[in-house]
Structures are given as C-alpha cells and as structure tokens.
Amino acid sequence: NAEYMGFVGFSSFSSFLITVYPVHDHTYSRMIQFLLLISRQGKTRLAKWFVPITQKERQKIIKDVVQLVLNRPPKMCNFLEWREHKICFKRYASLYFITCIDKEDNELLGLETIHHFVEVLDRYFGNVCELDLIFNFHKAYYILDEIFVGGELQETSKKTVLRVIAAQDALMEEDKEASSKKV
C-alpha cells in the first residue's frame with residue numbers, strides 16, 4: 001500500500017492543479033531536479049540544484065542539457081526525454097529557462113513554473129534582461145528561493161513573493177544606511 005502526498009501547482013488560469021505522487025519508504029520525488037538559465041551562447045547564468053549531485057556530475061549534466069536544448073530546432077516542442085527525467089525549457093529573449101522534472105510529472109506544469117518564475121523576475125526588475133541577472137544574480141537566487149523549496153513550488157502568488165522581496169530590500173537599505181552612519 002503506497003501512501004500519497006499532494007502537490008499544489010500554479011496554473012495561469014488562476015486555478016490550482018493537484019498532482020499526487022506515490023510515497024514509498026517515507027521518501028518522495030521532487031518535481032524539479034534542477035533549474036538552469038542559459039544564454040544563447042551556452043553560458044550558465046543561474047543554476048539551482050534540488051538534488052545532491054557532485055560538482056563533476058553537475059558540469060557534465062549542464063554540458064549535455066545545454067547541447068540538447070541549444071541544438072533543438074525552434075519549431076519543435078519544448079520537452080525532451082532525458083535519462084530517467086524530462087527536460088522542459090522555454091526561451092525568453094536571449095535566455096533559455098530549463099527545468100529537469102521527473103518522468104511522471106506534467107510537462108505543462110513544468111512550463112508553468114518556468115513562466116511563473118519569469119513573471120516574478122519581470123515584475124521585480126521591470127522587463128528583466130540577461131544583464132539584470134548577471135549583475136544581480138544574488139537577487140535572482142533569492143527570488144528563486146522564495147518561489148521554490150526543495151524542488152517544489154512553494155509560493156504561487158506573485159504579489160506575496162514581491163512583497164517579501166521588497167521587505168528584504170528595505171532591510172538591506174536600512175543596514176546600508178546604518179553602516180554608512182557608523183563610518
């Protein structure tokens with residue numbers, strides 16, 4: 001008898017999708033194994049890993065996945081079966097947003113999570129571009145950590161994420177002002 005754990009995912013139609021994962025031996029699979037932001041030239045702009053992988057294996061995975069995604073014709077679908085997983089990707093301007101999800105997971109939900117992350121980045125930076133992510137990578141990681149925890153979607157509300165990030169920015173400004181007064 002398998003136990004079940006529900007996952008609530010984001011949908012652009014303002015409704016929630018529920019995916020049920022079987023849980024065996026008190027372990028369960030993460031929806032997202034990793035998330036990569038890659039430029040059209042193949043440079044990694046952001047990499048977040050939700051599963052423990054050695055640095056050598058990470059480099060090999062990035063090389064393999066980047067080669068698959070960049071060499072894929074634009075008219076083909078944005079899903080690839082890769083090893084024991086699926087790769088979901090979407091190109092926004094000069095960046096490819098790539099997620100690796102479990103084979104059993106819904107590919108469209110994978111694309112929705114990418115789109116949700118991009119929308120939050122876009123609202124925060126005001127029409128986000130590659131340079132925003134290069135020079136403010138720490139903020140991009142912070143936004144990512146507010147949206148995803150342990151490879152699963154944590155927060156579906158863009159307003160909530162932006163409110164938390166604005167509060168963090170205000171704390172940083174206060175800290176900057178306090179440290180400049182000490183000098």
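Predicted model: local features only at pLDDT ≥ 70, side-chain atom pairs only at ≥ 80, totals over all residues.
Contact here means heavy atoms within 4.5 Å.

On the H4 side, the residues involved are Lys-139, Tyr-142, Ile-143, Glu-146 and Ile-147, and they meet Val-161, Val-164, Ile-165, Gln-168 and Asp-169 in H5. Sorted by class, that contact comes out as 6 nonpolar, 1 polar and 3 charged residues. As for geometry, two packed helices are described by the angle between their axes and the distance between the axes. For H4 and H5 the angle is about 135 degrees, and the axes are 10 Å apart. Angles over 145 count as roughly antiparallel and 65 to 115 as roughly perpendicular, so H4 is oblique to H5. The crossing of H4 and H5 is right-handed.

Now bring in H2, which spans residues 107–125. Its axis comes within 11 Å of the H4 axis, and the two cross at roughly 135 degrees. H2 and H4 are therefore oblique to each other, and their crossing is right-handed. The H2 residues that take part are His-116, Phe-117, Val-120, Leu-121, Tyr-124 and Phe-125; across from them in H4 sit Lys-139, Ala-140, Ile-143, Leu-144 and Ile-147. This contact has 9 nonpolar residues, with 1 polar and 1 charged.

H2 also packs against H5, a helix running over residues 158–182. Here the angle is about 45 degrees and the axes lie 10 Å apart. H2 and H5 are therefore oblique to each other, with a right-handed crossing. From H2 come His-116, Glu-119, Val-120, Arg-123 and Tyr-124, and from H5 come Lys-158, Val-161, Leu-162, Ile-165 and Asp-169. The class count for H2 with H5 is 5 nonpolar, 1 polar and 4 charged residues.

If you follow individual side chains, a few names keep turning up.

Next, the empty space. Rolling a probe the size of a water molecule over the atoms shows where empty space is left. The largest pocket has a volume of about 230 Å³. Which residues line the largest pocket? Tyr-124, His-138, Lys-139, Tyr-142, Ile-165, Gln-168, Asp-169, Met-172, Glu-173 and Lys-176 do. Tyr-124 and Ile-165 are back again, among the lining residues. H4, which covers 137–147, and H5 each supply at least two residues of this lining. The largest share, 6 residues, comes from H5. By class, the lining divides into 4 nonpolar, 2 polar and 4 charged residues.

The second largest pocket takes us to another set of residues. It holds about 180 Å³ of space, and its lining is made of Val-69, Leu-70, Arg-72, Pro-73, Pro-74, Met-76, Asn-78, Phe-89, Lys-90, Arg-91 and Tyr-96. S6 gives the largest share of the lining, 3 residues. In class terms the lining has 7 nonpolar, 1 polar and 3 charged residues.

One last stop, staying with S6. His-85 is found in this strand. Where does the chain bring His-85 and Lys-103, 18 residues apart in sequence? Their C-alpha atoms are 4.5 Å apart in space. Leaving aside neighbours within four places in sequence, His-85 is in contact with Gln-33, Leu-80, Cys-100, Ile-101, Asp-102 and Lys-103.

Technical notes: Residues numbered from 1 in each chain as written. Heavy atoms only, no water. Axes fitted to C-alpha atoms, helices over the stretch in contact; angles between N-to-C directions. Helix = DSSP H or I, 4+ residues; strand = E, 2+ residues; numbered from the N terminus. Parallel < 35°, antiparallel > 145°, perpendicular 65-115°, else oblique. Left-handed = near helix turned anticlockwise from the far one by under 90°. Nonpolar A, V, L, I, M, F, W, Y, C, P; charged D, E, K, R; others polar. 1 Å grid on protein atoms, 1.4 Å probe; cavity = no way out; pocket = protein on both sides within 12 Å on 5 of 7 lines; lining within 4 Å. Points joined across faces, edges and corners; volume = space filled by probe spheres on them.
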